[in-house]
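Here are a few friendly notes to read alongside the model. Please keep it open and find each residue as you go.

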Amino acid sequence: MKILLVFDFDNTIIDDNSDTWIVQCAPEKKLPIELRDSYEKGFWTEFMGRVFKYLGDEGVREDEMKRAVTSMPFTLGMVELLNFIRKNKDKFDCIIISDSNSVFIDWVLEATGFHDVFDKVFTNPAAFDSNGHLTVENYHAHSCSRCPKNLCKNVVLVEFIDKQSQQGVNYTRIVYIGDGGNDVCPVTFLKKSDVAMPRKGYTLQKTLSRMSQNLEPMESSVVVWSSGVEIISHLQFLIKE
């Protein structure tokens, strides 16, 4: 029986947001105002599609984007954490659920040699088209009112766990490591034995602390982290239990 580790990507594994980081490839490292203003809440993926088209139209090529994305720093202690998980893969399964895109995540995992740590990556599918433009699609459609329309991380997590259990794989507990507003939904569905690990000072942690002040029920335990090394300590404690 393994523990399932669920990771967010932006501002969790890497210490920035890959979608905003890529803007440094634009002329003068910024987007035109009308493009910036075209974002509608809940429609981030469509917005990024327009950003990628703009970059392509401006002559930004794949190798340039790849150089930018792979230069993003890892969050403090994250390299140590991923190496720790690799050494203990007999105890952990490990997935990413991210609102980034498959191209960016692939580039980072490939450049850093961490592909083997993750059993599965769930994110918005992306690819370069024949014009050399990066195109991105919604991961799925869902009916959750709390989440952006392209991705409900809870739906993804529940589907994954159901699928695993049909194949005879059950987990002793889930440890969810994230930072953002779209991590709130899956975290509130965690059970008593599970652990929510929000990054200190980020939206997920602030939301969970507000919920606990309002006495909104949450079953799982909450362990706040600033560095991947703190996550290692907690995982070591869970393995010993």
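1. Helices H4 and H6 cross in a right-handed way, meaning that the near helix is turned clockwise from the far one by less than a right angle. H4 covers residues 62-69 and H6 covers residues 102-112; their axes come within 9 Å and cross at roughly 65°. Axes here are lines fitted to C-alpha atoms over the stretch in contact, with angles running from 0 to 180 degrees between N-to-C directions. Helices are DSSP runs (H or I, at least four residues) and strands are runs of E (at least two), numbered from the N terminus.

2. Which residues make this contact? On H4 they are Glu-62, Met-65, Lys-66 and Val-69, and on H6 Phe-104, Trp-107, Val-108 and Glu-110. Contact means heavy atoms within 4.5 Å.

3. A word on the source: this is a predicted model, where local features need pLDDT of at least 70, side-chain atom pairs count only at pLDDT 80 or more, and totals for chains, interfaces and linings use all residues. Residues are numbered from 1 along each chain as its sequence is written, and side-chain values use heavy atoms, leaving out hydrogens and water.

4. An unreviewed UniProt entry lists Asp-8 and Asp-10 under "active site"; such annotations may be inferred rather than shown by experiment. Asp-8 lies in the loop between strand S1 (2-7) and helix H1 (18-21), and Asp-10 is found in the loop between S1 and H1.

5. Is Asp-8 buried or exposed? Asp-8 counts as buried because its relative accessibility is 5%, and Asp-10 counts as buried at 11% (buried is under 20% relative accessible area, exposed over 50%, partly exposed in between, with a 1.4 Å probe and protein chains only).
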